[in-house]
Structure formats: C-alpha cells, structure tokens
Amino acid sequence: MAEDSPKRRKANFNEAETEVLIEQVLKHEQLLFAAGPGRASAGQKRKVWELIRHKVNPVAACPRDVEDLKKRWRDLKRR
C-alpha cells in the first residue's frame, strides 16, 4: 500500500488577502457580529462569509475556505 502523503499547510495570507478580508468583514460587521433581537440567523451569516470568501479568493495565494477566513479574522482581532 502507498503511504498517504503528509498534510501540507496552506500558504500564509498575503497582504492583499488580509486587506480584502478586513474591508469585507468591516463592511458586514453589523450583520456578522450584532447581538440582541435584531441579529442575523446562522444561515444569513454563512451567506455573508461565503460572499467574503468569493471576494478574497481572486487575490489569494491558494483557495481559502470560510473556516480559514474566520480563523484569520480571530487572529487579527487578537493582535
């Protein structure tokens, strides 16, 4: 049997990807992170994250999925 190749990590986010991510998240911040009775449903948030993914991927070094973008946003907020 052939051995599975080791899982390779994705490339780091480049500056253009990070800029687009920040711009798009801030544009949709109210919808993504609002609390209280007027907040968006999980389905609406998922659609917004997909929209952001479609904006980031054209400038990305490698294809990003929504979880990659959410993790990058959390890391940026922590700094």
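This is a predicted model: local features need pLDDT of at least 70, side-chain atom pairs count only at pLDDT 80 or more; totals for chains, interfaces and linings use all residues.
Reader: How many helices and strands does the protein chain have?

Author: Helices (H or I, at least four residues) and strands (E, at least two) are DSSP runs, numbered from the N terminus. The protein chain has 4 helices and 0 strands. Along the sequence, the pattern reads α-α-α-α.

Reader: What does the radius of gyration say about the protein chain?

Author: The radius is taken over C-alpha atoms, and the globule rule is 2.2 Å times the number of residues to the power 0.38. For 79 residues, a compact globule would have a radius near 12 Å. The protein chain has 15 Å. Its C-alpha trace spans about 55 × 30 × 25 Å along the principal axes.

Reader: What share of the residues is buried?

Author: Buried means under 20% relative accessible area, exposed means over 50%, and partly exposed lies in between (1.4 Å probe, protein chains only). Buried residues make up 30% of the 79 in the protein chain.

Reader: Is Gln24 buried or exposed?

Author: Gln24 sits in helix α1, residues 15-27. Gln24 counts as buried because its relative accessibility is 5%.

Reader: Which residues does Gln24 touch?

Author: A contact means heavy atoms within 4.5 Å. Leaving out residues up to four places away in sequence, Gln24 touches Ile52 and Lys55. Now take the protein chain as a whole. Among contacts with a separation of 6 or more, 64% join residues 24 or more positions apart.

Reader: Where is Phe33, and what does Phe33 touch?

Author: Phe33 belongs to helix α2, residues 29-33. Its relative accessible area is 39%, so Phe33 is partly exposed. Beyond residues up to four places away in sequence, Phe33 touches Val25, Trp49 and Trp73. Phe33 and Lys45 are 12 residues apart in sequence, and their C-alpha atoms are 8.9 Å apart in space.

Reader: Why does Ala35 count as exposed?

Author: Ala35 counts as exposed because its relative accessibility is 72%. Ala35 lies in the loop between α2 and α3.

Reader: Where is Gln44?

Author: Gln44 is in helix α3, residues 42-56. Gln44 is partly exposed, since its relative accessible area is 42%.

Reader: What feature does UniProt place at residues 9-79?

Author: UniProt positions are given in the numbering used here, feature names are shortened, and annotations may be inferred rather than shown by experiment. The unreviewed UniProt entry places "domain: Myb-like" there. The span 9-79 is 65% helix and 0% strand. Its end C-alpha atoms lie 22 Å apart.

Notes: Residues are numbered from 1 along each chain as its sequence is written. Side-chain values use heavy atoms; hydrogens and water are left out.
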